[in-house]
Amino acid sequence: MKTDDLITLLSTNVEPVDHRQTVRNIGMAIVAGAAISAATTFFVLGPRADLATVGTYLPALLKMVFTFIILVPASLYLIRLSRPGGERKGATALIALPFVAVMLLVVLSLTFAPGSHWKGAILSDEWLECLLSIPLIAIVPFSVIVWAVRQMAPTDLARTGAFAGLVAGCLSAIGYALHCADDSVPFFALWYGGTIALCTFAGWKLGPKLLRW
Amino acid sequence: MTVNEAELGALMRASLGGDAAAYRNLLSRLSAQLRAYYKGRLARIGRSAEEAEDLMQEALMAIHTRRHSYHPAEPLTPWVYAIARYKLIDHLRRTRASVADVPLEDAKEVMAMDDYTGTDSANDLGKLLDRLPDKMRRAIQSVKLDGLTVAQAASKCGMSESAVKVNIHRGLKALTASIAREKRT
């Protein structure tokens with residue numbers, strides 16, 4: 001085929017396109033992911049029994065806020081990564097900062113707690129459930145986000161996949177916080193932080209396969 | 001370089017608004033730059049000019065089907081370069097060459113040279129079109145090859161106007177995919 005023929009084919013009656021549409025799709029996918037993870041927690045696991053009392057919805061809220069702080073910059077960076085060459089702008093390290101900050105909190109709270117309390121704070125009854133629930137709940141939001149990002153044209157697939165995983169993990173953790181009744185900071189940081197990191201790792205591995213175009 | 005960027009950026013923004021003449025101009029200039037880029041890259045590892053032409057056409061189709069991913073406020077050059085490089089790495093991976101051969105160069109490099117001497121590529125447009133589903137083929141044939149308006153094509157093919165648009169869009173994506181697949185076999 002002559003390249004001129006191809007150019008004629010592509011340019012004849014070319015349709016105007018809206019560059020905002022696909023970015024909107026990613027935003028909508030993230031909002032939908034949040035709704036899905038909240039709904040899954042609510043209907044499958046059930047909300048924590050004491051959610052209605054003022055004293056306990058605060059810690060749950062706090063867990064959500066912490067996760068939200070990681071979620072927002074990660075989402076913005078994901079949108080940037082979804083455009084060709086997006087990985088060349090902005091430092092990934094900066095986006096990881098909120099994550100590091102939350103982890104630092106844990107180390108601090110562990111240093112100030114007496115050694116005998118460590119095991120109780122980290123290995124409470126819920127750790128296994130948390131470890132399984134967050135990655136499982138993240139699957140559907142992750143798929144929706146990957147679908148939206150695929151409409152764009154990421155050129156660093158592993159990194160884009162990792163951030164899709166990070167965003168999905170955060171969304172899942174926010175939903176799961178409605179159920180989880182363990183409010184200790186070390187528990188939150190280790191198991192929430194750990195599972196979100198796991199989701200990020202999974203996205204990093206899956207990105208090159210799922211996002212190729 | 002800056003003149004080039006400003007000029008091409010303006011053409012791209014006009015194209016996104018549906019200006020076919022600007023788009024034609026843009027694609028023909030980008031094709032020359034991409035040809036020079038791919039010829040240079042592939043020649044270094046002993047590949048033919050025809051292979052470079054194939055790859056350039058694939059990149060051109062990628063630019064077309066992904067043109068909504070360009071943000072009008074940003075420079076065009078890095079965007080084109082990122083796509084060109086992505087398609088090069090993808091191509092080398094498919095044809096089992098070492099990706100380590102692709103150095104991280106400056107975005108300017110892809111825009112540094114023009115090469116207007118086209119070679120015929122192995123992609124046969126007619127054959128590729130024949131393999132498309134009927135609706136897609138007819139939509140592309142009437143609007144993109146015969147130059148009918150979407151409304152005329154709609155009444156000719158007995159589809160709604162939005163169906164014609166959707167079929168063109170899907171058809172071009174399928175064409176891009178089949179060009180890529182062709183190479184792997």
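Let's start inside chain A, where the largest cavity in this predicted model is lined by A:Thr67, A:Ile70, A:Phe99, A:Val102, A:Met103, A:Phe188, A:Tyr192, A:Gly193 and A:Ile196. Three helices of chain A each give two or more residues to that lining: H3 (54-81), H5 (97-112) and H9 (185-210). The largest share comes from H9(A), with 4 residues. What kinds of residues face the space? The lining divides into 7 nonpolar and 2 polar residues, with no charged ones. As for volume, the largest cavity holds about 60 Å³ of space. If you search the whole structure for cavities of 30 Å³ or more, you find 1.

Now let's head to where the two chains meet. The contact takes 33 residues from chain A and 54 residues from chain B. Interface size is often given as the accessible area lost when the parts come together. Here, chain A and chain B bury about 3,800 Å² between them, and 59% of that is on carbon and sulfur atoms.

What about polar links? The interface has 17 residue pairs in polar contact, both residues at pLDDT 80 or more. On the chain A side, helix H1 (residues 3-11) gives the largest share of the residues touching chain B, with 8. Here's how the whole chain A side splits by class:

| Class | Residues on the side of chain A that touches chain B |
|---|---|
| Nonpolar | 14 residues |
| Polar | 10 residues |

In a salt bridge, the side chains of B:Lys165 and A:Glu15 meet at 3.9 Å, N to O.

Terms used
Residues are numbered from 1 along each chain as its sequence is written. Chains are lettered from A and ligands numbered from 1 in the order in which they are written. This is a predicted model: local features need pLDDT of at least 70, side-chain atom pairs count only at pLDDT 80 or more; totals for chains, interfaces and linings use all residues. Side-chain values use heavy atoms; hydrogens and water are left out. Contact means heavy atoms within 4.5 Å. Buried area is the accessible area (1.4 Å probe) that two parts lose on being put together, summed over both. A salt bridge is a side-chain nitrogen of Lys or Arg within 4 Å of a carboxyl oxygen of Asp or Glu. A polar contact is a pair of N or O atoms within 3.5 Å; within protein, one must be able to donate a hydrogen and the other to accept it, and residues adjacent in sequence count only if both atoms are side-chain atoms. Ala, Val, Leu, Ile, Met, Phe, Trp, Tyr, Cys and Pro count as nonpolar, Asp, Glu, Lys and Arg as charged, and the others, Gly among them, as polar. On a 1 Å grid over the protein atoms alone, a cavity is a set of points where a 1.4 Å probe fits but cannot get out, and a pocket is an open set with protein on both sides within 12 Å along at least five of seven lines; lining residues have an atom within 4 Å of a point. Grid points are joined across faces, edges and corners, and a volume is the space filled by probe spheres set on the points.
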